[in-house]
Amino acid sequence: MFVSLPRLVLKKNADRRLKRGHLWVYSNEVDVAQTPLKSFEAGDQALICADNGKSLGVALINPNGLICGRMIGRDPAQGLDRSLLVHRINQALALRQLCYEEPFYRLIYGDSDLLPGLVVDRFGDDLVVQIASAGMERQKEAVIEALIQCLKPNSIWLDNDHGARELEGLPRYREAAFGEPPAAVSLVENGAHFDVPLGAGQKTGWFYDHRENRAHLQKLCRGKRVLDVFSYMGGWGVEAACAGAESVVCVDSSESALKGVTANAERNWVSEKVSTIQGKAIDVLKALILDGETFDVVVLDPPAFIKRRKDQKAGEAAYRHINELAIRLLGKDGLLVSASCSMHLPRETLVDIVRGAGRHLDRHVQIIAQGGQSADHPVHPAIPETDYLKAVFARVYLP
């Protein structure tokens, strides 16, 4: 359906990045003399134009942000509405159904699925939705209607209590948007069954992005003693136990998360293999070292230590410290799985941190595999920020 939208004109040559496929418009790229940003309200849609007047496509606008526009399409006649949402959701669904046999995955991954500011995780017939942009918030009802049309779910839970909304001037809230969401949702990943809480858990309740990295660990952990640090609900640890690990210790600061580990271990009939330690990771690792404990495998999957560029130096130091502690806990010939979800930490820097930690402890490090995010978190090739997850698998031994 044809829509008539106000124009937002860019400065000369400011269209180059968009022509290469990028989807973001920065406020300093706008010709505010021709098209003042203050004439727009957060959540408006606009036709983005080059300085010569040529249309570049339609974007969701937030005049108050550094990223003031997020492209939703190149067709100047197609704004974001229920029809386009249904089309994009079906395109995203086709990718996930190609990659996964069971309906447990991230269904919508924001910009990479051409739906900026929208994340949807699927737990069978239950959906968890996060909205992070004013433009998508304005389309909330259309989003819910489109999801119902495409997936016919039992329930939809809006988990909009996260910091990204504050950057868009949006309130934080959690609520049922459709049906009666359960207190906990279930999923199957790499042959293991999990129950995770809605509303009380981290993010949407689960971290699907490490699915393939956890599957790779399953190939390497049979008969091994495994330490899963920052375990949350036991994704790494319980899956390792299911794959034949001799024993697993899960470490997390959250009592409720560790209760989830215990419940998930019981559900998978591996409770005799899985134990938990509650506490801050650094403190627990130091205590284990003092106790003379050693493990065949140590998994480090911390939260982002580098959330902003100004955190770079301190964040890299934190990664170095925790990797050194992990290596101290490895036996003479052990496996370190060092992960990072910090978008600002380059993959090569994480590799160098692992190298440096090993060298500092006079251990030889061999990188045997490197992983990224799973296929339900597709990378937009023009937007490096969508490629955030790293996992380094390193054999560490005394030469």
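How many positive and negative side chains does the protein chain have, and how far apart do the centres of the two sets lie? In this predicted model, 48 side chains are positive and 50 are negative, with 6 Å between the centres of the two sets.

The secondary structure of the chain consists of eleven helices and 19 strands. The radius of gyration is 23 Å, close to the 21 Å given by the globule rule for 399 residues, so the chain is as compact as a globular protein of that length. The C-alpha trace extends over about 70 × 45 × 35 Å along its principal axes. Of the 399 residues, 57% are buried. Among contacts with a separation of 6 or more, 63% join residues 24 or more positions apart. The accessible surface amounts to about 17,500 Å², and carbon and sulfur atoms contribute 51% of this area.

Seven aromatic pairs were found in the whole structure. One of them, formed by Tyr100 and Tyr105, is stacked, with a centre-to-centre distance of 6.1 Å and an angle of 25° between the planes. Both Tyr100 and Tyr105 are buried. Phe305 and Tyr319 form a tilted pair, with centres 4.6 Å apart and planes at 50°. Phe305 is located in the loop between β16 (295–300) and α10 (312–328), whereas Tyr319 belongs to helix α10, so this pair ties together parts 14 residues apart in sequence. Phe305 has a relative accessible area of 23% and is therefore partly exposed, while Tyr319, at 1% relative accessibility, is buried. Phe305 and Tyr319 also belong to a cluster, linked by ring pairs, that includes Phe230.

Conventions:
Residues numbered from 1 in each chain as written. Predicted model: local features only at pLDDT ≥ 70, side-chain atom pairs only at ≥ 80, totals over all residues. Heavy atoms only, no water. Helix = DSSP H or I, 4+ residues; strand = E, 2+ residues; numbered from the N terminus. Rg over C-alpha atoms; globule rule 2.2 N^0.38 Å. Buried < 20%, exposed > 50% of the residue type's maximum accessible area, 1.4 Å probe, protein only. Contact = heavy atoms within 4.5 Å. Areas by Shrake-Rupley, 256 points an atom, 1.4 Å probe, with all protein chains shown as cover. Lys, Arg positive; Asp, Glu negative; His and termini not counted. Charge placed at Lys NZ, Arg CZ, Asp CG, Glu CD. Phe/Tyr/Trp six-rings, centres within 6.5 Å; stacked < 30°, edge-to-face > 60°.
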